[in-house]
Amino acid sequence: MLLTRTIAAAALSLAGLVALPATAHAASAAYTPEKICGPGFKRVADGHRPMKLRDGAVLGHVYLMYNKRTGRNCVTAVKTTYAGVRTDTGAYLEVKGGGRSEDRQKYKHYAETGHIDGSWKCVKYAGWTRDPKGRVQASGGRDSWGNCAG
């Protein structure tokens, strides 16, 4: 009887451990940059940066996205640490000689800029997130003009 309970408990524990990665993967797959920015947006070459703390720890990633059909850019900052917890999170996009968009709030999963026309124009972008107490900030992006070739 004791052996049966031990085996059943071990099986349930193992089932729980096996289910965790699938659940975590499903949650992270729901917040891809492509899904956040919308149909037609693709990741730009050299348009991905980790959002790092000063010590190098990564709390998320920032992505520059582009839609060839519309000529619009989008930036999204996706949290990998503190996901599901409302923390200060933001995304920034600036088009040289064009528009600028910034989104900054307490988000659970990601921040996203508006879609800005940027066909054949250089851009700067950034993303950031903070810990739940707001003490440290992780950031990433490009502060020089780049991705100029439409």
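This is a predicted model: local features need pLDDT of at least 70, side-chain atom pairs count only at pLDDT 80 or more; totals for chains, interfaces and linings use all residues.
Trainee: Why is the disulfide of cysteine 122 and cysteine 148 called right-handed?

Mentor: The torsion about their S-S bond is about 115°, so the disulfide is right-handed. Residues are numbered from 1 along each chain as its sequence is written, and side-chain values use heavy atoms, leaving out hydrogens and water.

Trainee: What makes cysteine 122 and cysteine 148 a disulfide?

Mentor: A disulfide is a pair of cysteine sulfur atoms within 2.5 Å. The sulfur atoms of cysteine 122 and cysteine 148 are 2.0 Å apart, and they form a disulfide.

Trainee: Why is cysteine 122 called buried?

Mentor: Buried means under 20% relative accessible area, exposed over 50%, partly exposed in between (1.4 Å probe, protein chains only). Cysteine 122 has 15%, so it is buried.

Trainee: What does cysteine 148 count as?

Mentor: Its relative accessibility is 33%, so cysteine 148 counts as partly exposed.

Trainee: How many disulfides are there by this rule?

Mentor: Two. Cysteine 37 and cysteine 74 also form one, with sulfur atoms 2.1 Å apart.

Trainee: Why is the disulfide of cysteine 37 and cysteine 74 called left-handed?

Mentor: The torsion about its S-S bond is about -80°, so this disulfide is left-handed. Cysteine 37 lies in helix α2 (residues 33-37) and cysteine 74 in strand β3, so the pair ties together parts 37 residues apart in sequence. Helices (H or I, at least four residues) and strands (E, at least two) are DSSP runs, numbered from the N terminus.
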